Structures are given as structure tokens and as C-alpha cells.
Amino acid sequence: MTNTQYLEAVEWLFVQAPNYQTDGQKAYKPGLENITKLCAFFDNPQEKIQCIHIGGTNGKGSTSNMLASVLQESGYKIGLYNSPHLIDFTERIKINGKNCDKEFVFNFIQKLKNLPEDIRPSFFEFTTIMAFEYFYQQKVDFAIIEVGLGGRLDSTNIIKPLVSAITNVQLDHQNILGDTIEEIAREKAGIIKNNTPIISGDENETVQDIIKEKAEEENAQFIDASLLKTDFSSDLKGNYQGKNIRVVVALVEELRKLDITITGNNLEKGLLNVHRNTGFIGRWFEFSKDPLTICDTAHNQAGLEQVFAQLNSIKKHKHVILGFVNDKKIDDVMNLLPENSDFYFAKPSINRGRDPKEYEDLLQKAKINYKISNSIQEAYLSAKQECTKGEMIFIGGSNFVVGEFLEKNLEISR
């Protein structure tokens, strides 16, 4: 298999099954019927691996990567399924920090081309069964499975995990999950399984009550991670990571109850070596020190509030590069923008990318100093040129903005 053949196979996957990463709601196929048929076609590999299920609005990627790092430090072979990818498709499926083998992806896609007529999966369903099969073939000790979207009707919800977690519930994807925190919380709580511990990292009593209610229905132990006191730190440097660390500590406690050996030293080292152990980037990721350049994939109001608050705590003039997708409520973002900043807006180069000219009236009303660029890369180069000694650059607003920036610049910087 050549790299060209691999790229053509992945392109086939994107074309045959629209994906939420580029086509939004059109790609979303709620319900477990397709994934159930798909898993049965491949002899249900998800039933042959031990899984841990991580859901939530924000933080599920960080939490799942931190837990993977801790378990790797404990000597286990860990499968990790995350989405979306930033640069290459194989980032979605990893074992001990190593991206899924491209030869496997190529060969598996050939099998997907021969599915029966009655199975018409979405892109995410294709990817989910691919992860299950890869983890089964590679004989992982544990597979950490991140929910794609929502929970109750997400294709990952076919698994029967050892333990589950919901990091938090915030307003996001309201066009699919519901307009209120309560509606979204019920969708997230749909991952709770019978007699399976559920860890909640959310401090909101309304959210907690909904998760507790579902836990009681399923006779599942409810663990409130927000009450944990911990002084652990991580190499993931976002201020918001403290809440995710508490969820990881609670997960570790539940796994220990299942006679899974994880020492205090494993926990400490795992949290401090997430980048090295899992290759996870994009969350308060320090791209360079000179000039200080930070990327973060936070894209909804709650996530951006936390990231911009952390930016405000840095007493430097900032050059902020932002881009958004079509379903983003830009007026909400305008109220959150960091202070002491020049702004550079650009359209992410995907179908769902939103042209800043469409919301330029909001930029003018915000009375900020801004430029509109033709691409994320053009915006970055412009910001870099304007950035003087003692100033910093930030890139964010969307997974796609960060992914596009890193794809163009990560190899150059190394």
C-alpha cells in the first residue's frame, strides 16, 4: 500500500459517508440501529474488549487522554478513541500513543466497501467500528472510548463499559441535542449503564440531579468528582484541567476497586506525561515560546469563557486568530473576547467554515482592532509579523482552526 492509496481510501470514506467534521447535521445519524448491524457484521469486537466510556460537553478529550497516560504508566496496553482528528485521520484511533496503522485503515476500508445494502453507516459509525476492531485485533488491555456527540444515541453507546464518566454539561450542538442544559444533560446521561459506576465532574446541581436520577434508574453508583480534593497537576496546562484531573482521579479509584493495579506514582507520572504518552495536542498547547504561541480547540461558550479568562490573566498584548463554523453564535463570542488584543479572523477551510465577512457587522459593533484574512495561515503570518517582543499569539475558536494551523506549521517548528 502506498501513501497515495491510503489517502484515496480515506477520501472514499469521507465521500461515501458524510462526517460531522465537515458536513455538520447532515452527517448526524442518531440511534444505535446502524452501529448494531455494523458491529454484528464484524462479529461484535466491542464485546471482546474492556472499555471505559467518557462523555461530556467539554473536557472529554483531555480526560480520556490523561486516563490513557495513567494506565500506560501502569504498564497496560491502552486503546484510545477520540474525535475529531486535527491533522491525520489515524489520530482518532491510538494504542499507547501511536496512531492507528495506515495499512489497517486501508484494508478495513476495503471491507467497508462490501457491506450489505441494509447497512448505511455515517462516517462516525464507520470510524467507531474500525476502532473496536483495531483494539480487538491488537489485544489491548483497556479501550478508552470518547463519546462523539451527545450520548444516548451516539454510536459509541453500544459498549458495556467497566465505568463511565460525564465531565460536564454545557450548551453546545443545540440544533441536535436540545436548547436547554436539562435537555442536553439527559442526552449525556444516556451513556449510564445498568450496575456501572458513573462519575460526574459537573458542579451544576441541575445537571447532577439529572445524572443522579438516571443512575438510580440503572442501579448505577453515582460518584461526584467535583467534591474531590486533589493536588495533582498535569502537563496539560489549561486552567480548566483541574476539573478534568478530578474526574481522572475518580476513574482511577473505581478501576482500583476492580483490582486494576494503578499506583500513586503511576497516577502522578501519568498526569505529568500526557503529551509524551499519548501525543495529545490542541488543548492550551504551547506551539512556541518565542513568540509565545498558544493553540486551544475550545469552541463553545463555556470552553471559550475559560480559555479567554486564562488569556486575560497573561499580562501581554495578544494577537488572537479566530475562526468559526456555520452553527456558531458569533454574538455570544463577541461578549467574551480577551482584552488587550488585536484580532485576525479567517474562515476554516472546510464546508462548514464561516466567512468572517458574514459577521463583520458584529466585529464593527464590538469596536475591536481586527483584520479579516483569506486563510488561517495568512492570519497567522500576519499576526506573527505584527507581534513584537513581549507579545503573544493565540489560535483558536474551532478544532478546524487549530488543526489547519498545526498541519501547516507543526512540522516546520520541529
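**Stop 1: two crossing helices**

Select helices α4 and α11 in this predicted model; α4 passes α11 in a right-handed crossing. Helix α4 covers residues 60-73 and helix α11 covers residues 264-272. The two helices pack at an angle of about 130°, and their axes are 7 Å apart. Angles from 0 to 180 degrees that are neither under 35, nor over 145, nor within 65 to 115 count as oblique, and α4 and α11 are therefore oblique to each other.

Which residues of α4 meet α11? Display the side chains of Met 66, Ser 69, Val 70 and Glu 73 in α4. In α11, their counterparts are Asn 266, Leu 267, Lys 269, Gly 270 and Leu 271.

**Stop 2: the sheet of eight strands**

Next, colour the strands of the open sheet whose order is β4-β3-β2-β5-β1-β6-β7-β8. The sheet has eight strands, and their pairing is mixed. Strands of a sheet pair through backbone hydrogen bonds, either parallel or antiparallel. At the edges are β4 (98-99) and β8 (222-224), each of which pairs on one side only.

Now select β1, residues 51-55.

On one side, β1 pairs with β6 (residues 163-166) in the parallel sense over four bridges. Here Ile 52 stands opposite Val 163, and Ile 54 stands opposite Ala 165. Strand β5 also runs parallel to β1, joined to it by four bridges. In β5, Ile 144 is the bridge partner of Ile 52, and Glu 146 stands opposite Ile 54.

Select β5 itself (142-146). Five of the five residues of β5 are buried, so this strand too is largely enclosed by the rest of the structure. Phe 142, Ile 144 and Glu 146 point one way from β5, and Ala 143 and Ile 145 point the other way. Strand β2 (residues 78-81) runs parallel to β5, with four bridges joining them. The bridge partner of Leu 80 in β5 is Ile 144.

Finally, show helix α9 (residues 205-217), which lies across β6, β7 (198-200) and β8. Helix α9 runs at about 155° to β8.

**Stop 3**

Select Gly 148, which lies in the loop between β5 and β6. At 25% relative accessibility, Gly 148 counts as partly exposed. Beyond its neighbours within four places in sequence, Gly 148 is in contact with Lys 60, Ser 83, Phe 124, Asp 154 and Thr 156. The C-alpha atoms of Gly 148 and Thr 128 are separated by 9.3 Å, although these residues are 20 apart along the chain.

**Stop 4**

In soluble globular proteins, nonpolar side chains tend to be buried together. The largest nonpolar core in this model has 37 residues, and Met 130 and Phe 135 have the most contacts inside it. Elements giving two or more residues to this core are α1 (3-16), α3 (33-41), β3 (93-95), α5 (102-112), α6 (123-137) and β5. Helix α6 supplies the largest share, nine residues.

Centre the view on Met 130. Apart from its neighbours within four places in sequence, Met 130 is in contact with residues including Leu 13, Phe 89, Ile 93, Phe 104 and Phe 108. A second, separate core has 32 residues, among them Ile 52, Ala 250, Leu 267 and Val 274.

**Stop 5: the sheet of six strands**

Turn to the open sheet of six strands, in the order β9-β10-β14-β11-β12-β13 and with mixed pairing. Strands β9 (285-289) and β13 (369-372) stand at the edges; each has a single partner strand, so one side of each is left without a neighbour in the sheet. Direction ignored, neighbouring strands here are turned by 20° against each other on average.

Select β11 (residues 318-322) and β12 (residues 341-345), which pair in the parallel sense over five bridges. Leu 322 stands opposite Phe 345 in β12. Helix α13 (residues 301-312) touches β10 (292-296), β11 and β14 (392-396), and its direction makes about 180° with that of β14. Helix α16 (residues 376-386) touches β9, β11, β12, β13 and β14, and its direction makes about 175° with that of β11.

Note on methods:
Residues are numbered from 1 along each chain as its sequence is written. This is a predicted model: local features need pLDDT of at least 70, side-chain atom pairs count only at pLDDT 80 or more; totals for chains, interfaces and linings use all residues. Side-chain values use heavy atoms; hydrogens and water are left out. Two strands pair if DSSP finds at least two bridges between them. Contact means heavy atoms within 4.5 Å. A nonpolar core is a set of buried Ala, Val, Leu, Ile, Met, Phe, Trp, Tyr and Cys residues joined through side-chain atoms within 4.5 Å. Buried means under 20% relative accessible area, exposed over 50%, partly exposed in between (1.4 Å probe, protein chains only). A crossing is left-handed if the near helix is turned anticlockwise from the far one by less than a right angle, and right-handed if clockwise.
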